[in-house]
Amino acid sequence: MLDETIITETPPLYSCYGHIGEQVRVPITGNRAKRILHGAINIRSGDVALLITHEWTQETHQTFLAMVRAHWRGWNLVLFEDRAPQHKADASRAWAAQLNIEIRLLPKATPELNAMDHLWRHSKRETVGSRATQSVDQSALDVCHYIIALSPRERLRQAGVLSGHFWLT
């Protein structure tokens with residue numbers, strides 16, 4: 001399963017601790033810096049491939065496809081992706097075919113079907129969702145380090161693959 005997520009300079013605040021009755025201060029820089037995290041998870045082994053880029057274009061998506069092919073060389077790859085324009089672009093589909101990667105598009109508006117989407121949500125909440133951003137680059141690295149530090153089984157659990165209700169069995 002393949003998906004992307006955006007890390008922004010001002011992350012969503014999931015929780016914050018403060019003294020009772022006192023307003024908690026959340027610094028907002030006004031900076032609109034962002035990084036794109038590209039990720040793919042093997043739903044059998046829990047192995048992941050991750051890439052951080054400054055933008056999300058057909059070219060960065062195609063670069064990630066090549067990275068996925070190199071990471072899992074020798075495998076018969078079937079990637080499930082959402083219907084983002086970068087995924088559906090003719091050039092991206094042709095590049096995937098050239099890399100011998102079969103692409104399956106998930107139905108529209110169904111992020112719950114993408115295991116990588118669940119892993120992003122959990123990882124962002126645990127790493128960047130409850131603290132001020134030091135730098136957007138560091139935040140992106142923190143999310144990647146968190147995912148890499150998880151055991152393969154824990155990655156699969158966080159991605160919802162081991163729930164017993166996972167749709168792809």
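Which side chain meets Arg 157 in a salt bridge? It is that of Glu 154, with N and O 2.7 Å apart. Keep in mind that this is a predicted model. My points follow.

1. **The pair in helix α6.** Arg 157 and Glu 154 both sit in helix α6, which covers residues 152-158. They are three residues apart, so about one helical turn separates them. Arg 157 has a relative accessibility of 48% and counts as partly exposed. Glu 154 is also partly exposed, at 24%. The cut-off for buried is under 20%.

2. **The overall count.** Side chains of opposite charge can pair when their charged atoms come close. Two further pairs are described below.

3. **Arg 35 and Asp 137.** These two residues form a salt bridge, and their closest N and O atoms are 2.6 Å apart. Arg 35 belongs to strand β2 (residues 34-41), while Asp 137 belongs to helix α5 (residues 136-149). The pair therefore ties together parts that lie 102 residues apart in sequence.

4. **Buried or exposed: how does Arg 35 count?** Arg 35 counts as buried, because its relative accessibility is 10% and buried means under 20%.

5. **Glu 102 and Arg 104.** Their side chains meet in a salt bridge, at 2.5 Å from N to O. Glu 102 is partly exposed, with a relative accessibility of 34%. Arg 104 is partly exposed too, at 40%.

6. **Strand β2 and its neighbour.** The strand that holds Arg 35 is β2. Strands β2 and β3 run antiparallel, and six bridges join them. Leu 37 stands opposite Ile 52, a residue of β3.

7. **The hairpin.** Six residues lie between the strands in the hairpin of β2 and β3. Gly 46 has a positive phi there, near 85°.

8. **Where does strand β3 sit, enclosed or open?** Strand β3 spans residues 48-53, and five of its six residues are buried. The strand is therefore largely enclosed by the rest of the structure.

9. **Taken together.** Arg 35 links strand β2 to helix α5 through Asp 137, and β2 is also joined to β3 by six bridges. The pair in helix α6, by contrast, spans about one helical turn.

Methods. Residues numbered from 1 in each chain as written. Predicted model: local features only at pLDDT ≥ 70, side-chain atom pairs only at ≥ 80, totals over all residues. Heavy atoms only, no water. Salt bridge = Lys/Arg side-chain N within 4 Å of Asp/Glu carboxyl O. Helix = DSSP H or I, 4+ residues; strand = E, 2+ residues; numbered from the N terminus. Buried < 20%, exposed > 50% of the residue type's maximum accessible area, 1.4 Å probe, protein only. Pairing = 2+ DSSP bridges.
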